[in-house]
Amino acid sequence: MQRRSITPTLFLVAAIFSRPILPLLFRADCVCDPLNAFLDSLPLNRERTDQLLTLDGYQGRSYRVVTADGYVLKLYRIWRDQPPSPNSTQEAILLMHGILNSSADWLVLGPGKSLAYQLVDRGFDVWIANSRSSLNSHQHEKLCTCSKEFWNYSWHEIGYYDLAATIDKVLEKSQQPKLRLIVFSEGGGAGLVLLSTRPEYNDKLSSLEAMAPGAMVSNTWYRFLAGPLAKIPKVFKSLYALYSTNQVTVQACEREKIACTNVYYQIVAGESAGMNRSVVDRLYQSLPAGASMKEVQHYIQVIWSKRFAPYDYGWERNLELYGSKVPPEYPLDRITVPVNFHYGLADKIVDATGVEWVAAKLINSARVRMRAYDRLQHSDFIFGDAAHQLVYNEVIRWIME
């Protein structure tokens, strides 16, 4: 078989990589090192959610959400035929993604399978969030997106600022007094941060539906990687972000689709008990969607300390921020909203012990319910065939009770 020439691919990559980055290095309002200036200059596919909606026969509108600390987020409201009317009585539901995910991932399974589409089809007013990490957001009112200052946040800020601002925007636009919050992975940790540190938001939720919530992860199967991962920022001091996929990687996947599909499938399906290979074709244009190294470091701290607590800056800075040498644990007893947990007994990232630990701390919740799934792994909850067959039916049943 004749080998295909790689020359066109090299020209394509060179053309995209040749975008000017020197202006980023010398802008008066920010300082960016060459590596991050270069990575940040690569073009992103910020419209993947819109593309999937159109492809699947649904519609949507995006909203600009600005957090109290200046991050600009992209929020979607989706529907099938007609948008909800201003005086609609449809119950509002907000979906929040996990680490390295975005709003697009709630649509990947497609019509009749994705949770977002199923909720729309059931008559709910469905909203899909994007955190500050997501390639759909990736914007700040003052900070340059290639700067260290921009990426100086963990999932604490995603909960405290991003979720709060997003919930307020949904309630403002839907004119509803409350909404239901559905979270996955890191979104679960962020939700618990919000409700425990800003307890007034308990009054804005009807319930919290947590799927494989990334909170107390000290027993994760990957805890042996905590040591090597913790050393990365110390060795590579300019590596403060996990940048999202971009048009270079997307176009490479378009050209070498079989190889790309195999790579994605092996990575994602490694955390799935039943992922359909066809899902990969809808994944690679938006996954990974970006994250800060500080998000990863914060989880490493949870693993090492076996405490679900804010970021540990060292005892001197901790005394300034928290009034103690070690960060105080999140006051989960301040959560009063009903909480429903859905978790997999085969999940190597968010293990059952961690979920059960969190549930036991919710002593003032109006109701705590647990639903374990025997064979489900982490990615199954959003990318696996088992999600729509098992999990989503249970989520919707509990919501409609």
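**View 1. Tyr153 is tucked away inside the model.** With 0% relative accessibility, Tyr153 counts as buried (that label means under 20% relative accessible area, with exposed over 50% and partly exposed in between, using a 1.4 Å probe and protein chains only). Tyr71, at 4%, counts as buried too. Keep in mind that this is a predicted model, where local features need pLDDT of at least 70, side-chain atom pairs count only at pLDDT 80 or more, and totals for chains, interfaces and linings use all residues. Residues are numbered from 1 along each chain as its sequence is written, and side-chain values use heavy atoms, leaving out hydrogens and water.

View 2. Rings of Phe, Tyr and Trp (its six-membered ring) pair if their centres lie within 6.5 Å; planes under 30 degrees apart are stacked, over 60 edge-to-face, and the rest tilted. The whole structure has 13 aromatic pairs. For Tyr71 and Tyr153, the centres are 5.7 Å apart and the planes sit at 80°, so this pair is edge-to-face. Tyr71 is in the loop between strands S1 (59-66) and S2 (72-79), while Tyr153 is in the loop between strand S4 (125-128) and helix H6 (155-174), so the pair ties together parts 82 residues apart in sequence. (Helices, H or I with at least four residues, and strands, E with at least two, are DSSP runs numbered from the N terminus.) Phe150 and Trp151 also make an edge-to-face pair, because their centres are 5.2 Å apart and their planes at 80°.

**View 3. Two arginines sit over tyrosine rings.** Arg132 lies over the face of Tyr153, 5.3 Å from the ring centre. The charged end of Arg198 is over the ring of Tyr160, 4.7 Å from its centre. To qualify, NZ of Lys or CZ of Arg must be within 6 Å of the ring centre and within 35 degrees of the ring normal.

**View 4. Now for the largest nonpolar core, with 59 residues.** A nonpolar core is a set of buried Ala, Val, Leu, Ile, Met, Phe, Trp, Tyr and Cys residues joined through side-chain atoms within 4.5 Å. Leu94, Leu179, Leu181, Phe308 and Phe341 have the most contacts inside this core. H6 gives the most to the core, with eight residues. Leaving aside neighbours within four places in sequence, Leu179 is in contact (heavy atoms within 4.5 Å) with residues including Ala92, Leu94 and Ile167.
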